[in-house]
Amino acid sequence: MSSRPVGRPPMFDRDDAVLAASRLFWSRGYSGTTTRALSTALGMSTSSIYAAFGSKAGLFEAAVRTYAERYRAIYVEACAEADLSDVLSRLLRRSVEEFTQPSARHPGCLISSAAMTDAPDAIDTRTYVSELHASNERALRERIERAHGEGQLGTGIAPSTLASLTQTLWHGLSAQSNQGLDRGTLLEIVEAALGTLLDMTQDRVRDARLGALG
């Protein structure tokens, strides 16, 4: 007589489990999500969840990393654009598209939940999110600095300032998406913001060129 192996159930699907857990963490926060609720949502016993992810904190980290790494990819792809206007446009538009993915494939942005949790056992996830934000902003700032060196940004605005403005807008869009703002409205905000940012950078370039001619 064979004994049933302890741990993950035979039909365990890690991606489905992470998505189900992410929905709970997004709606209830880390501290407000109980292991009993996770067990019900995932269709797994608590012991199976711990066997698969180590702990509730391990499952939370897996959920955050799964979706946060998509944003890192968006920054990398945007910074590969040749023109600064395309860098900013691609970054913000693609981020909004990611924030507002259909719920069947995406639980919502977990970045805010991860950054705000004060649970001691989730400290590693908070550190990861903090480092991710710093890495993304650094990549954007370095790309803007390169654009500055190529004459795409006038001397009147510092690359670090433009990077910070863009990051502030990114976080605002993320927060608004979590509040239920739809994709169309968020993209309208992006268009308005891009118009201001790009007009500002182009004005600076134009002023610098006129000053050089004078």
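**Entry 1: Gln-152.** I looked up Gln-152 and found it in the loop between helix 7 (123-149) and helix 8 (159-178); helices are DSSP runs of H or I, at least four residues, numbered from the N terminus. The model is predicted, so local features need pLDDT of at least 70 and side-chain atom pairs count only at pLDDT 80 or more, while totals for chains, interfaces and linings use all residues. Residues are numbered from 1 along each chain as its sequence is written, and side-chain values use heavy atoms, with hydrogens and water left out.

**Entry 2: the whole protein.** I recorded nine helices and zero strands (strands are DSSP runs of E, at least two residues). Of the 214 residues, 42% count as buried. Among contacts with a separation of 6 or more, 71% are between residues 24 or more positions apart (contact means heavy atoms within 4.5 Å).

**Entry 3: lining of the largest cavity.** I found Tyr-71, His-133 and Trp-170 among the residues that line the largest cavity (a cavity is a set of points on a 1 Å grid over the protein atoms alone where a 1.4 Å probe fits but cannot get out; lining residues have an atom within 4 Å of a point). Helix 4 (56-79), helix 7 and helix 8 each supply at least two lining residues.

Conventions:
1 Å grid on protein atoms, 1.4 Å probe; cavity = no way out; pocket = protein on both sides within 12 Å on 5 of 7 lines; lining within 4 Å. Buried < 20%, exposed > 50% of the residue type's maximum accessible area, 1.4 Å probe, protein only.
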